[in-house]
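This report describes selected local features of one protein model. The sequence and the structure are shown below.

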Amino acid sequence: MILGLLLFLIYINDLPKTLNVIAKPVLFADDTTILITSSNKSVFDLKATTAFNLVNEWLNKNFLCINLSKTHFMQFTRSNTFKSYLPTTNLNKLIQSVSNTKFLCIYINDTINWKNHIDHSLPKLSIACHAMRIIKPYMSLETLRMVYHSTFHSVISYGLPFWGISPHSKRIFLMRKRIIRIMLGRRRLASCRILFKNLKILPLMSQYIFSIMMFIIKHKHHFTVNSEIHNINTRQQLNFHQPAPYSTGFKHGIYYSGVKIYDNLPSHIKQLSDDSRSFELELKEFLYHHSYHSLEEYYKH
């Protein structure tokens with residue numbers, strides 16, 4: 001079975017070369033995603049049609065065909081932008097245009113507001129809360145923490161740097177407070193700030209800060225440091241250069257938010273950025289101590 005998958009990947013390895021000029025293909029195992037970008041609708045339509053034609057041609061030459069039941073066309077736009085509906089076909093069959101889809105276990109919609117992903121996560125978290133309530137009388141607190149991390153934390157950690165700043169994430173935040181109260185046997189309206197600290201569990205926004213900072217450190221070569229732009233010796237010399245926000249969506253994205261959060265870290269943590277393990281430990285202790293419940297609270301520290 002493993003050999004079969006490997007041979008398949010080798011077989012389709014030249015597919016990206018067919019599209020590199022007009023699109024960006026992304027291959028993960030047997031899933032293929034084609035990314036097409038343009039600010040001009042006519043150019044976008046032309047690129048999309050050309051890309052699908054090239055893919056169909058490549059498939060025919062290699063004796064393959066598209067699984068139409070799993071192939072979708074989705075256009076990412078702002079909510080007030082006119083969308084294209086292209087006559088994209090394969091073997092004279094229409095490729096379905098959708099407003100949301102599942103990609104590597106993350107649910108994405110065409111306006112990227114992460115509502116779909118959070119909607120799909122909440123039932124899993126509710127089940128985790130119910131399970132925690134059942135086992136609490138029979139388990140030690142340490143065992144409850146282990147159950148929390150395996151059933152609840154694992155769900156919210158996946159893709160958190162992407163959806164953590166979404167307005168819809170407040171529902172996840174409330175669900176996390178709920179399971180913390182269950183673990184410690186507190187009333188429904190009891191304050192959770194001290195409870196998070198006692199359990200050494202981060203509130204959702206602190207977890208988001210941690211996740212996005214570790215993402216930034218892992219990919220720091222994609223970011224520009226202020227010292228690369230000017231030679232002026234200032235306190236911000238080792239900060240990442242903050243790009244100008246050109247849209248609300250960009251401000252909520254990883255690049256802009258990540259740079260802003262990183263630049264607001266204490267200097268002694270930023271100085272550890274070349275040692276990812278030390279950076280991780282120091283950052284986690286910093287967040288455990290402060291237990292931020294919002295980004296506004298973090299920016300004021």
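How many residues lie between S7 and S8 in the hairpin that they form? There are two residues between these strands, and Leu 104 in the turn has a positive phi of about 50°. The model under discussion is predicted.

Strand S7 covers residues 100-103 and runs antiparallel to S8, to which four bridges join it. Within this pairing, Phe 103 stands opposite Ile 106 of S8.

In a regular strand, side chains alternate between the two faces of the sheet. In strand S8 (residues 106-109), Ile 106 and Ile 108 point one way, while Tyr 107 and Asn 109 point the other way; all are buried.

Just after H7, Gly 185 adopts a positive phi of about 65°.

The helix is mostly covered, with eleven of its 15 residues buried. Among them are Ile 172, Phe 173, Arg 176 and Leu 184. The packing partners of the buried residues in H7 are helices H4 (115-135), H5, H6 (160-163), H8 (193-199) and H9 (204-218).

## His 153 and the ring pair in H5

His 153 belongs to helix H5, which covers residues 141-157. Its relative accessibility is 18%, so His 153 counts as buried. The side chains of His 153 and Arg 176 make a polar contact at 3.4 Å. Apart from neighbours within four places in sequence, the contacts of His 153 are Tyr 148, Arg 176 and Gln 207.

Ten aromatic pairs are found in a search of the whole structure. One of these, between Tyr 148 and Phe 152, is stacked, with 5.6 Å from centre to centre and 20° between the planes. These two residues are separated by about one helical turn because they are four residues apart in helix H5. Tyr 148 is buried at 0% relative accessibility, and Phe 152 is likewise buried at 0%.

## The pair Phe 223 and Tyr 255

Phe 223 and Tyr 255 also form a stacked aromatic pair, at 4.8 Å centre to centre and 20° between the planes. Phe 223 lies in the loop between H9 and helix H10 (248-251) and Tyr 255 in helix H11 (residues 254-263), so the pair ties together parts 32 residues apart in sequence. Phe 223 is buried, with a relative accessible area of 8%, whereas Tyr 255 is partly exposed at 31% relative accessibility.

Ring pairs link Phe 223 and Tyr 255 with Phe 240 and Tyr 262 into a cluster.

Key: Residues numbered from 1 in each chain as written. Predicted model: local features only at pLDDT ≥ 70, side-chain atom pairs only at ≥ 80, totals over all residues. Heavy atoms only, no water. Buried < 20%, exposed > 50% of the residue type's maximum accessible area, 1.4 Å probe, protein only. Polar contact = N/O pair within 3.5 Å; in protein donor to acceptor, adjacent residues only side chain to side chain. Contact = heavy atoms within 4.5 Å. Pairing = 2+ DSSP bridges. Phe/Tyr/Trp six-rings, centres within 6.5 Å; stacked < 30°, edge-to-face > 60°.
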